[in-house]
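Reader: I am new to this structure and would like to be walked through it. Could you show it to me before we begin?

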Amino acid sequence: MGEENKVILHGVWASPFSKRVELALKLKGIPFEYVEEDLQNKSPQLLRCNPVHKKIPVLVHNGKPIAESLVILEYIDETWKNSPRLLPKDPYKRAKVRFWTSFVQQQLFDTMFTVTKTEGEAQRKAVKEVSEKLQVLEEGIKELFPNGNPCIDSQNIGLLDIVILSLLGPHKVQEEVLGIKIIDPEKTPLIFAWLTAINQLTVVKEATPPHDKLVALLKFLRENSLKSSA
C-alpha cells in the first residue's frame, strides 16, 4: 500500500466507538495500521490529529485526520464504494437509517452508560428508560425489516447494524456483570434476532474481544464509577 493511500486508525481495544470504525474497515477489506492509544497518556499524534476533542477514534487517510466515529463511517463509505455499502442509495431509506442511528447514539448510549454506572433507584430508573427506548426502536425498525427476519450478511451489513452492535452486541457481558436482562427476546424479538444475526458474522466474531476480558473490564469500570460517586 502506497503512502498516498495509507490508512491509520487510532483507537482503544474496548471502545465501542473504535470498534465501529475497525469493523467498517475490515468489512470493506481496507488494509490499515492500528495504533492502540493510552487515554491516560495520549500520543502526540492523537492530540495533533484531533485537537478539538482529543478523543479516539481518529482515522488518518493520506495524512489527513478524520474524527468522530459516525463521521468516519460515512467518510469510509464515500471513499471506498465497494460493498458492503454502509448507507442505502435510496434517499428515503438513507434518511431512515440516519434517523435510527441518531436515535441509538443520542437516546440509548447515555442511558445504557447510566445503567452500568449506577445502582439502586437510579439504576432501576435508567433500566426502565432503556427498556422504553428499546420498545420504540423495536417498533421503528419493523419498517427496515418488513418480513420480520433480519437477514444480515457481510455484503449487506450497514451503518445502523454497526452502531447497534457497538452498543448492544455485548449484551450478554452487560447482563452477566449487572445481573439485569437488557435484551429480552420476548419483549423485543426483532432486536434480539437482529443482534443475533450480526453477532454470527465471522468478521464480527473476529473483531469482538473475548467475553471474559470484556466482563473483567466492565466490572472494573462499574466498581470505579460506584466508588467515585460514593
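**Overall size and build**

Author: With 230 residues, a compact globule would have a radius of gyration near 17 Å, and the protein chain agrees with this at 18 Å. That radius is taken over C-alpha atoms, and the globule rule is 2.2 Å times the number of residues to the power 0.38. Please note that this is a predicted model, in which local features need pLDDT of at least 70 and side-chain atom pairs count only at pLDDT 80 or more, while totals for chains, interfaces and linings use all residues. Residues are numbered from 1 along each chain as its sequence is written, and side-chain values use heavy atoms, with hydrogens and water left out.

Reader: What does the C-alpha trace span along its principal axes?

Author: The C-alpha trace of the protein chain spans about 55 × 45 × 30 Å.

Reader: And how many helices and strands are there?

Author: There are ten helices and four strands in the protein chain. Helices (H or I, at least four residues) and strands (E, at least two) are DSSP runs, numbered from the N terminus. Read from that end, the order of elements is β-α-β-α-β-β-α-α-α-α-α-α-α-α.

Reader: Changing topic, what share of the residues is buried?

Author: Buried residues make up 45% of the 230 in the protein chain. Buried means under 20% relative accessible area, exposed means over 50%, and partly exposed is in between (1.4 Å probe, protein chains only).

Reader: Which part of the accessible surface belongs to carbon and sulfur atoms?

Author: Of about 12300 Å² of accessible surface on the protein chain, 54% belongs to carbon and sulfur atoms. The areas come from the Shrake-Rupley method with a 1.4 Å probe; for residues, only the protein chains shown count as cover.

Reader: Is helix α6 enclosed or exposed?

Author: Helix α6 (residues 159-168) is largely enclosed by the rest of the structure, because ten of its ten residues are buried. Among them are Leu159, Asp161, Ser166 and Leu168.

Reader: What is in contact with Leu195?

Author: Leaving aside neighbours within four places in sequence, Leu195 is in contact with Ile164, Leu165, Leu168, Gly169, His171 and Ile183. Contact means heavy atoms within 4.5 Å. Ile164, Leu165 and Leu168 are buried residues of α6. Leu195 itself is found in helix α8 (residues 189-199) and counts as buried, at 0% relative accessibility.

Reader: What about contacts over the chain as a whole?

Author: Among contacts in the protein chain with a separation of 6 or more, 71% are between residues 24 or more positions apart. As for distances along the chain, Leu221 and Thr116 are 105 residues apart, and their C-alpha atoms are separated by 8.4 Å. Leu221 lies in helix α10 (residues 211-229) and counts as partly exposed, at 43% relative accessibility.

Reader: Now the backbone: which peptide bonds are cis?

Author: The bond from Ile56 to Pro57 is cis, with omega near 0°, and a cis peptide bond also joins Ser83 and Pro84, with omega about 0°. Pro57 is in the loop between α2 (44-49) and β3 (58-61), whereas Pro84 is in the loop between α3 (69-79) and α4 (91-117).

Reader: Why point those out?

Author: Because most peptide bonds are trans, and most residues other than glycine have a negative phi.

Reader: Where are Lys54 and Asn62 found?

Author: Lys54 is in the loop between α2 and β3, and is partly exposed with a relative accessible area of 39%. Asn62 is in the loop between β3 and β4 (64-67), and is partly exposed at 36%.
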